Amino acid sequence: SPNLLPLGSELSRTIHKASQTQMSRAMSMSTSHNTDQPNLFSAATQCFIDDSMDSASKKQARNKVDEHKSLLLPIIDSYPNPSQCASQFKKLADCASKTFDPTSDDPNICIIVESGVNYLTCGAAELDVLR
């Protein structure tokens, strides 16, 4: 039946088992940040809010920033002054909007993307959620 999860033998090839150290490190990266204070986060992400926007647009932009908080916090943490984050955010946005170029971009990106697609489509992600 198509709704059944893969058998154990099939699944073992698709699951990466992380060591306790790797899991601890991954979990610690997502728990706390120096910028958990709302004023610091707001100051660092002010570059996403244009002063010429009306209040509804500003609120919509702020909500979009808040949706990406977990991605932005590690970057904000790496700068002593939150206002310095704007140039890094712009650089990342410029890179994200470019198409992958195999002649100049890191080839590991393709491996990571393929691994993510495989994880999401082979049943391993569903098993992780069920645990």
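Just after helix H7, Gly123 takes a positive phi of about 105 degrees, in a predicted model where local features need pLDDT of at least 70 and side-chain atom pairs count only at pLDDT 80 or more, while totals for chains, interfaces and linings use all residues. Residues are numbered from 1 along each chain as its sequence is written, and side-chain values use heavy atoms, with hydrogens and water left out. The secondary structure of the protein comes to eight helices and zero strands, where helices (H or I, at least four residues) and strands (E, at least two) are DSSP runs numbered from the N terminus.

**Overall architecture**

- From the N terminus on, the elements run α-α-α-α-α-α-α-α.
- Of the 131 residues of the protein, 17% count as buried, a class that means under 20% relative accessible area, with exposed meaning over 50% and partly exposed in between (1.4 Å probe, protein chains only).
- Among the contacts (heavy atoms within 4.5 Å) with a separation of 6 or more, 55% are accounted for by residues 24 or more positions apart.

**Helix H7**

- Helix H7, residues 108–121, has 14 residues and reaches 20 Å from its first C-alpha to its last, which is close to the 20 Å expected at 1.5 Å a residue; the expected span is 1.5 Å times one less than the number of residues.

**Packing of H5 and H6**

- Helix H5 (residues 69–77) and helix H6 (residues 85–96) pack at an angle of about 130 degrees with their axes 10 Å apart, the axes being lines fitted to C-alpha atoms over the stretch in contact and the angles running from 0 to 180 degrees between N-to-C directions.
- That angle makes H5 oblique to H6, since angles under 35 degrees count as roughly parallel, over 145 as roughly antiparallel, 65 to 115 as roughly perpendicular and the rest as oblique.
- On the H5 side, Leu72, Ile75 and Ile76 meet Cys85, Gln88, Phe89 and Leu92 in H6.
- The residues of this contact of H5 with H6 divide into six nonpolar, one polar and no charged, with Ala, Val, Leu, Ile, Met, Phe, Trp, Tyr, Cys and Pro counting as nonpolar, Asp, Glu, Lys and Arg as charged, and the others, Gly among them, as polar.

**Two individual residues**

- Thr45, in the loop between helix H3 (38–44) and helix H4 (55–67), is buried, with a relative accessible area of 0%.
- Leaving aside neighbours within four places in sequence, Thr45 is in contact with Arg62, Val65, Leu72, Ile76 and Phe89.
- Asp77 lies in helix H5 and is partly exposed, with a relative accessible area of 24%.
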